[in-house]
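This report describes a ligand-bound protein model. It covers selected side-chain contacts, the ligand shell, aromatic pairs and backbone angles.

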Amino acid sequence: MQQIVLDQYCDGAPLPENFRLETASIPEPGEGRFRVRHIFNSVDPGTRSRLSGGDSYAPALPLGNPIDGFSVGVVEASHNADYPEGTEVYFAGGWRTHSIQSGRGFIGKVPKESRLPLSLWIGILGVPGLTAWFGLKSIARFQAGDRVLVTSAAGPVGATAGQLAKAGGAGQVIGLAGSDAKCAWLVEEAGFDKAINYKATPNLSVAIGDAMPDGVDVLFDNVGNAMINRTLPLMRQNGRICISGQVADYNLSPSDTPGIVNTKPFITHRVRMQGLVVFDFMPAFAEALEAMSAMIQAGDLTYREDRFVGLETMPEAFCGLFRGDNFGRRVVQLDQSG
Ligand SMILES: NC(=O)c1ccc[n+]([C@@H]2O[C@H](COP(=O)([O-])OP(=O)(O)OC[C@H]3O[C@@H](n4cnc5c(N)ncnc54)[C@H](OP(=O)(O)O)[C@@H]3O)[C@@H](O)[C@H]2O)c1
């Protein structure tokens, strides 16, 4: 088997040389355990928070450890009756070709009757889709009629959140993304009302204000504190901010991370801001996945995938997330059966 481990802690943007490819013998599962051959692995911006050497919202990854991530694969050896050989599973697998699992924690079986592509179970039907679902419905307490602003809107979390808001009767859904092609896809394919290329917009605050003259009920933020600062003055009465992610801030040291300075709207407009850890909602994952699968099959929810091939491509696939290179969910295919 092969795996990618952390070779050096990252300082600023991650670089391929922070990682190392290792070869090891294929492990045998012990009692109650089973071995999964990974078919797809994901790269996730949030992984960066464990790679600086200091604890973030998750403890720092020790040097030499395999990198975290999500995977979909097939059980190829089992001493666990619930996961016999041939079962297709999605799970927290990490950057490797094989892993031993116990069946506890974040793991699910791909429904046998599912005709959807296997890779979706680490994309729109994986953690990104679930983040959009629970971020919007449970943290932002979305209601029909809400005017919604989504940052990093062409990523798998943002694109799904915006589409779920539209499907739920949003008054307006505006997305921010870093290229004209991403913006065009958001409007033409994903049904956003408007998308703004923030990299080509000199005064972004003015552009958002012009696009949302009645203000913002929900900010679904994947980017970080600068976006929250920019949007706070536009928040409507009882507005809600879901802090889903902080991709612009993950590479910064705590002292370089922008603060949130204009906090008055929390009082004047009763704005509420709450962070999300999607795994808090694990007991409700199955219901959300069933609903989103049905929406995809009905053509009411779309997605983009950005595929790499081969475990060795994972460091480069990951580093590109912080340059905006990915257009959709970035997955790495390890096995031709996917
Ligand atoms: N809270 C949770 O439980 C949870 C779970 C999963 C994921 N998340 C978070 O959700 C967010 C979105 O995740 P995702 O998987 O859908 O990834 P994603 O949005 O595709 O993240 C990569 C994208 O972020 C944008 N980006 C990168 N650097 C940026 C910067 N400095 N400023 C603004 N945008 C930047 C780029 O898009 P542009 O081209 O548009 O710049 C890039 O393509 C992430 O922050 C992730 O950590 C949270």
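## Contacts, ligand shell and aromatic pairs

Arg50 counts as buried because its relative accessibility is 18%, where buried means under 20% relative accessible area, exposed over 50% and partly exposed in between (1.4 Å probe, protein chains only). The model is predicted: local features need pLDDT of at least 70, side-chain atom pairs count only at pLDDT 80 or more, and totals for chains, interfaces and linings use all residues. Residues are numbered from 1 along each chain as its sequence is written, and side-chain values use heavy atoms, with hydrogens and water left out.

Arg50 sits in the loop between strand 3 (34–42) and strand 4 (71–78); helices (H or I, at least four residues) and strands (E, at least two) are DSSP runs, numbered from the N terminus. The side chain of Arg50 makes a polar contact of 2.5 Å with that of Asp68. A polar contact is a pair of N or O atoms within 3.5 Å; within protein, one must be able to donate a hydrogen and the other to accept it, and residues adjacent in sequence count only if both atoms are side-chain atoms.

The ligand is surrounded by 28 residues, the closest being Ser152, Lys182, Tyr198, Tyr250 and Asn326. By class, the shell holds 15 nonpolar, 11 polar and 2 charged residues. Here Ala, Val, Leu, Ile, Met, Phe, Trp, Tyr, Cys and Pro count as nonpolar, Asp, Glu, Lys and Arg as charged, and the others, Gly among them, as polar. Helix 1 (127–139) and helix 2 (156–167) each contribute at least two shell residues. Domain 1 (2–123 + 303–333) and domain 2 (127–279) each provide at least three, with bounds from an automatic or database domain assignment.

| Residue | Protein atom | Distance to a ligand oxygen atom |
|---|---|---|
| Gly46 | backbone N or O | 3.5 Å |
| Lys182 | polar side-chain atom | 2.6 Å |
| Asn326 | side-chain N or O | 2.4 Å |

Taken alone, the ligand exposes 920 Å², of which the protein buries 87%; these areas come from the Shrake-Rupley method with a 1.4 Å probe.

The structure contains 15 aromatic pairs. Rings of Phe, Tyr and Trp (its six-membered ring) pair if their centres lie within 6.5 Å; planes under 30 degrees apart count as stacked, over 60 as edge-to-face and the rest as tilted. Trp185 and Phe327 form an edge-to-face pair, 6.2 Å centre to centre with 90° between the planes. Trp185 belongs to helix 3 (residues 180–188) and Phe327 to the loop between helix 8 (314–319) and strand 15 (329–333), so this pair ties together parts 142 residues apart in sequence. Both Trp185 and Phe327 are buried.

The pair of Phe279 and Phe285 is tilted, because the planes stand at 55°, with ring centres 6.3 Å apart. Phe279 is partly exposed at 33% relative accessibility, whereas Phe285 is buried at 6%. Ring pairs join these two residues to Phe70, Tyr90, Phe106, Trp121, Phe134 and Phe281 in a cluster.

Which backbone angles stand out? Most residues other than glycine have a negative phi. Asn238, not a glycine, has a positive phi of about 60°. Asn238 lies in strand 12 (residues 235–243) and is partly exposed, with a relative accessible area of 47%. Arg270 also has a positive phi, near 50°, and is placed in the loop between helix 6 (265–268) and strand 13 (272–275).

Conventions:
A residue is near a molecule or strand if one of its heavy atoms lies within 4 Å of it.
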